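Reader: Before we discuss any contacts, could you show me the sequence and the structure?

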Amino acid sequence: MKGLQLDNGTIKRFNSIPKNFGNIIGGFNTLNDTELQEFGFYDIVTPSITQSQELGAIEWDSDNSVFTYPVQNKTFSQTLAELKAEKITNLKYSYGSELSKTDWIIIRDQELGNTTDSSILSSRATLRSDCATHESSINSKTTKAQVADYSLPNLM
């Protein structure tokens, strides 16, 4: 239960449920949910959103007796091409960071004329291939929302 109250159709905000309210002096914040609802205090439901959506201003949902936020589609100032380029830059940064963990081995082996362990070479090839696959997938998106909602892999 949050610090919002519905009072004659107006939403009033409180930092938390007050200790004193109306004619109750002390202990108001210990009332159960049903008792708090008698004074207009209801739960807040925050809907899940994607990267291409945002929450609007809090509203009263009379059908479900909760406060909630409307979900709205974001308006992107960048073009589709700019969004793709930004997403691909972030993708390549992540894969580059992962590849950099073994760069010293590659450089050392080249400098010393050693043969690099095949498991390291294979791992690096897989990273490059995965990166290319994700880049291709991003480039295949046809809307700004699809690009914004495309989840980059978590390599850490």
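Author: Contact here means heavy atoms within 4.5 Å, and the model is a predicted one.

Reader: Which helices are included in what covers the buried residues of H3?

Author: The buried residues of H3 are Ile 120, Arg 124, Leu 127, Cys 131, His 134 and Ile 138. Seen down the axis of H3, these buried residues fall within an arc of 90°, so they line one face of the helix. What covers them includes helix H2 (80-112) and helix H4 (144-149).

Reader: Which residues are exposed on the other side of H3?

Author: Exposed means over 50% relative accessible area. On the other side of H3, the residues that are exposed are Ser 118 and Thr 133.

Reader: How far apart are the end C-alpha atoms of helix H3?

Author: Helix H3 runs over residues 118-139 and has 22 residues, which at 1.5 Å a residue should span 32 Å.

Reader: What is the nearest side chain of opposite charge to Lys 84, and how far away is it?

Author: Lys 84 has its place in helix H2, and its contacts, not counting residues up to four places away in sequence, are Ile 138, Asn 139, Lys 141 and Val 147. Lys 84 is buried yet has no salt bridge. The nearest side chain of opposite charge is Glu 135, at a distance of 11 Å.

Reader: Which residue forms a salt bridge with Glu 135?

Author: A search of the whole structure finds 4 salt bridges. In the one that involves Glu 135, the closest N and O atoms are 3.7 Å apart. One partner lies in helix H2 and Glu 135 in helix H3, so the pair ties together parts that are 43 residues apart in sequence. Glu 135 counts as partly exposed at 23% relative accessibility, and the residue that forms the salt bridge with it is Lys 92.

Reader: Is Glu 98, whose side chain meets that of Lys 101 in a salt bridge, buried or exposed?

Author: The N to O distance of this salt bridge is 3.1 Å, and the two residues, being 3 residues apart in helix H2, are separated by about one helical turn. Lys 101 is partly exposed, with a relative accessible area of 47%. Glu 98, at 19% relative accessibility, falls under the 20% cut-off and therefore counts as buried.

Reader: What is the relative accessibility of Asp 109?

Author: The side chains of Asp 109 and Arg 108 meet in a salt bridge of 3.1 Å, N to O. Arg 108 is partly exposed, with a relative accessible area of 35%, whereas Asp 109 counts as buried, its relative accessibility being 3%.

Terms used:
Residues are numbered from 1 along each chain as its sequence is written. This is a predicted model: local features need pLDDT of at least 70, side-chain atom pairs count only at pLDDT 80 or more; totals for chains, interfaces and linings use all residues. Side-chain values use heavy atoms; hydrogens and water are left out. Helices (H or I, at least four residues) and strands (E, at least two) are DSSP runs, numbered from the N terminus. The expected span of a helix is 1.5 Å times one less than its number of residues. Buried means under 20% relative accessible area, exposed over 50%, partly exposed in between (1.4 Å probe, protein chains only). The arc is that of the directions from the helix axis to the C-beta atoms. Lys and Arg count as positive and Asp and Glu as negative; His and the chain ends are not counted.
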